[in-house]
Amino acid sequence: MNYTLKVWRQARPSEKGKLVSYSAHGISSEASFLEMLDIVNERLLEKGEEPIAFDHDCREGICGMCGSVVNGYAHGHQRGTTLCQLHMREFSDGSTIIIEPLRAKAFPLIKDLVVDRSAFDKIIAAGGFISIRAGSAPDGNAIPVAKEMAERAMDAAACIGCGACVAACPNASAMLFTSAKLAQLGLLPQGQVERDSRAREMVRAMEDAGFGACSNHGECEAVCPKEISTNFIAFLNRDFIVSSMK
Amino acid sequence: MKLDAKIPEGTIEKKWDDHRFKLKLVNPANKRKFSIIVVGSGLAGASAAASLGELGYKVLCFFYQDSPRRAHSIAAQGGINAAKNYTNDGDSIYRLFYDTVKGGDYRAREANVYRLAQVSNAIIDQCVAQGVPFAREYGGTLDNRSFGGAQVSRTFYARGQTGQQLLLGAYSSLMRQVRAQTVTLFPRQEMLDLVVVEGRARGIVTRNLITGELRSFAADAVVLATGGYGNVFYLSTNAKGCNVTAAYRAYKKGAGFANPCFTQIHPTCIPVHGEYQSKLTLMSESLRNDGRIWVPLKAKDGKLPSLIPEAERDYFLERRYPAFGNLVPRDVASRAVKAVCDEQRGVGETGLGVYLDFSDAIQRLGEQDIRDKYGNLFHMYQKITAENPYQVPMRIYPAVHYTMGGLWVDYNLMTTIDGCYAIGEANFSDHGANRLGASALMQGLADGYFILPYTIGDYLAQAGNSRIAVEHAEFRGCEQAAEQRITKLLSIRGRRSPDSFHRELGKLMWNDCGMARNQSGLQHALEQIPKIRQAFWQDLKLAGPANTLNQTLEKAGRVADFLEFAELMVRDALARGESCGGHFREESQTEEGEARRDDGAFSHVAVWEYRGESTTPERAIEPLLFDYCKPSQRSYK
Ligand SMILES: Cc1cc2nc3c(=O)[nH]c(=O)nc-3n(C[C@H](O)[C@H](O)[C@H](O)COP(=O)(O)OP(=O)(O)OC[C@H]3O[C@@H](n4cnc5c(N)ncnc54)[C@H](O)[C@@H]3O)c2cc1C
Ligand code: FES
């Protein structure tokens with residue numbers, strides 16, 4: 001298969017970036033999207049040009065390291081799929097593919113397709129945990145959790161922190177990310193003690209980090225490779241209101 | 001090399017308790033005066049850094065990804081073992097201990113394995129309390145499933161994402177300590193060297209992957225939690241960035257490297273499909289609870305699986321190992337798969353594949369049940385292969401997955417360098433020659449939450465607190481060496497990419513030092529590796545400067561280390577003339593083709609000592625004594 005790529009190239013934050021065209025020819029339809037980029041990069045290197053920088057690691061859809069905007073969609077158009085899991089058979093032969101970084105004020109660009117998502121870590125550090133010291137936990141079965149509750153918590157906990165939700169949101173909001181963690185911990189009995197302070201502090205950290213507000217566009221859920229539901233945002237809103245009234 | 005494993009006296013049940021009592025303690029008020037470097041933020045690194053932070057030490061935690069949550073532990077699927085015996089099926093600490101020693105084919109240290117089984121239960125408690133959403137029974141209690149090499153159900157899980165959930169749990173504890181300012185994170189930093197001053201590990205040299213800046217960090221102790229080196233084979237289930245660099249650098253600074261040839265080939269991975277392929281994807285062992293493995297009876301059958309009647313199918317694991325069936329340990333399953341493919345009975349385009357079939361289970365339990373248990377794995381399989389495993393059997397083949405070898409550590413998890421510790425997959429670990437499924441997560445968290453925090457205190461209390469400046473000549477020397485190496489890599493200006501060398505090395509290692517090994521193959525590898533290495537240093541091509549994000553340069557540095565390390569692996573495989581666990585020497589097998597150990601000659605850990613660039617490394621041994629689990633030929637029949 002043959003494709004024309006238009007890739008965002010930007011050597012460093014201070015320089016101006018632009019879309020550069022490359023031909024990606026002779027690509028197997030069985031190759032993954034990142035393997036296609038590997039091939040293009042090998043060819044660039046052969047010509048003595050600098051390969052395209054892009055983040056990736058596990059290449060099986062779980063580490064959350066990969067993620068670019070492909071033809072306008074974070075992680076590409078296939079639903080419930082990370083970029084590393086997207087395969088070239090999803091693109092028709094001869095098509096043009098535009099590849100850009102995940103853009104948001106809170107995710108400053110580092111180089112080409114690589115951005116800095118450490119703002120997410122700041123949100124978690126603000127309260128995305130249950131305060132338990134190693135060694136002080138009661139027996140695992142001392143805290144029964146209803147199966148449905150554990151399943152719902154797991155649905156929220158499946159977030160891989162890739163940042164696609166932020167890049168897709170017109171307001172660059174991190175509500176889906178933040179709410180998923182709040183819901184995971186807030187749904188479980190273990191998470192009740194700190195539930196109020198957690199909501200307050202994580203939301204504040206989210207605002208401080210430069211993420212926008214949520215105005216219910218729902219783009220986040222649409223691009224989320226783990227299909228995390230916006231219902232969790234309602235959960236966050238409720239917890240946040242309750243906590244601010246206390 | 002002098003090896004003192006420091007195994008405590010006393011009966012196995014009491015060793016750890018007695019030892020803990022004897023360990024010196026650091027006064028709580030003094031802890032913040034000690035700084036500890038933790039390299040790695042996977043299960044081992046994150047749990048250690050968090051726990052050390054909770055104790056009040058000043059912790060610096062380094063990793064090469066952009067967030068600690070992305071360490072490759074995140075990819076573990078199936079589950080984590082513990083001896084809770086919640087299922088009332090006869091499990092106990094002793095049984096978990098016994099299964100692990102036996103599963104490892106009697107090449108692990110009994111005292112360590114017993115301790116691992118002892119602390120396993122506290123891990124589950126800790127993770128539940130952190131909010132890890134483990135699978136539950138309808139009554140609200142924790143659910144368990146079975147894994148290979150065990151006849152009890154002791155594996156706790158969170159769908160097919162157990163590693164993710166455990167890591168996010170450890171990460172949350174870590175971030176809590178970041179907030180408490182006991183831990184400082186150093187993302188996108190690669191450790192390039194270990195700094196040893198007067199025989200003690202005193203710091204590291206890192207490269208900032210965004211700015212290229214080389215920098216030294218000093219501390220009172222260094223903990224390496226840098227994961228496994230499976231990527232020496234190029235294709236593996238590891239993440240692209242997994243490397244041997246940190247461990248290998250420590251080895252070059254005097255840390256003994258134990259059993260480097262012990263690698264685990266996992267039986268159930270998605271088969272290789274093309275030359276450009278960049279990695280292999282695991283299909284969790286848990287699938288073997290409900291999936292049945294088979295190939296056609298006839299060689300080169302070629303029919304679609306649905307057209308092959310029962311009578312023409314060979315459920316070869318159930319046939320050969322009736323007691324354990326599809327749940328035999330990984331090494332046994334992988335070799336059996338290889339054997340049927342060698343007989344030309346493999347399936348798929350390449351003939352390197354066998355079926356993993358869920359149709360019986362779907363009929364028995366219904367599709368929804370299977371979806372609940374393995375939904376995300378089926379989804380992943382379908383994404384990669386474009387086939388629907390609810391309708392057609394999966395095709396799977398063994399792939400490199402885990403490395404039991406690693407830095408040698410004593411009972412306190414200290415390497416042969418004072419003050420340098422290795423935990424998690426990076427150490428030579430408790431898994432002997434073969435790791436049982438769901439035991440790596442257990443070991444990483446045991447090391448990090450419940451073992452290292454005690455043992456490191458003993459060292460610090462004795463070493464005392466003495467400041468060292470990064471201006472010290474030893475630090476400067478290491479920085480200069482790191483810089484020179486980078487300059488050298490960039491100045492070769494040859495024709496080939498780092499990946500092309502890595503692929504070449506990987507193929508060689510897979511063929512000569514993979515699932516089956518023999519004298520002539522290993523000798524061949526020993527001749528070839530230096531040639532590839534020489535070509536690398538003459539013909540490598542890189543682009544871009546050193547002072548920005550330069551992923552090709554990063555890769556080149558890692559490949560350079562793999563090219564040296566591979567040789568050590570092959571040497572170790574040559575020296576170990578027996579078969580044991582994942583190390584199968586064709587010269588040493590039973591008539592039925594099972595691995596044959598040679599306890600008389602090889603009941604030991606092989607520990608390699610670096611002797612300089614042009615000298616062959618020296619092989620020392622730590623004898624293994626079995627007072628409790630009497631070695632027998634493993635049988636899963
Ligand atoms: C696909 C897959 C599935 C698995 N499933 C299971 C399972 O179900 N059950 C089970 O028990 N085990 C499983 N395992 C094994 C288990 O996941 C690993 O052995 C374990 O998670 C390793 O943890 P770790 O903390 O030692 O290393 P890792 O999680 O690999 O972490 C290594 C850390 O070191 C850092 N690092 C590495 N090199 C450097 C360097 N040079 N400089 C700076 N930082 C560095 C990395 O950034 C990372 O933070 C699986 C493994 C794989 C690959
Ligand atoms: S590379 Fe890990 S999720 Fe894509």
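Where does ligand 1 sit? I checked, and ligand 1 sits in the largest cavity. A reminder to myself: this is a predicted model.

Next I asked which chains surround ligand 1. Residues from both A and B do, so I noted the site as shared between chains.

Then I went through the neighbours. I found 38 residues around ligand 1, and B:Gln65, B:Ser73, B:Met191, B:Glu425 and B:Leu441 come nearest. Sorting the shell by class gave me 16 nonpolar, 18 polar and four charged residues.

Which secondary-structure elements of chain B each supply at least two residues of that shell? My list has two helices, helix 2 (43–55) and helix 11 (440–463), along with two strands, strand 6 (189–197) and strand 15 (394–403). Strand 6 of chain B gives the most, with three residues.

B:Leu441, already listed among the nearest residues, has a backbone N or O atom 2.8 Å from an oxygen atom of ligand 1. For B:Gly78 I also read 2.8 Å, again between a backbone N or O atom and an oxygen atom of the ligand.

Last entry: how much of ligand 1 does the protein bury? Taken alone, the ligand exposes 1000 Å², and the protein buries 97% of that.

How values were computed
Residues are numbered from 1 along each chain as its sequence is written. Chains are lettered from A and ligands numbered from 1 in the order in which they are written. This is a predicted model: local features need pLDDT of at least 70, side-chain atom pairs count only at pLDDT 80 or more; totals for chains, interfaces and linings use all residues. Side-chain values use heavy atoms; hydrogens and water are left out. A residue is near a molecule or strand if one of its heavy atoms lies within 4 Å of it. A polar contact is a pair of N or O atoms within 3.5 Å; within protein, one must be able to donate a hydrogen and the other to accept it, and residues adjacent in sequence count only if both atoms are side-chain atoms. Accessible areas come from the Shrake-Rupley method with a 1.4 Å probe; for residues, only the protein chains shown count as cover. On a 1 Å grid over the protein atoms alone, a cavity is a set of points where a 1.4 Å probe fits but cannot get out, and a pocket is an open set with protein on both sides within 12 Å along at least five of seven lines; lining residues have an atom within 4 Å of a point. A molecule sits in a cavity or pocket if more than half of its atoms lie within 2 Å of its grid points. Helices (H or I, at least four residues) and strands (E, at least two) are DSSP runs, numbered from the N terminus. Ala, Val, Leu, Ile, Met, Phe, Trp, Tyr, Cys and Pro count as nonpolar, Asp, Glu, Lys and Arg as charged, and the others, Gly among them, as polar.
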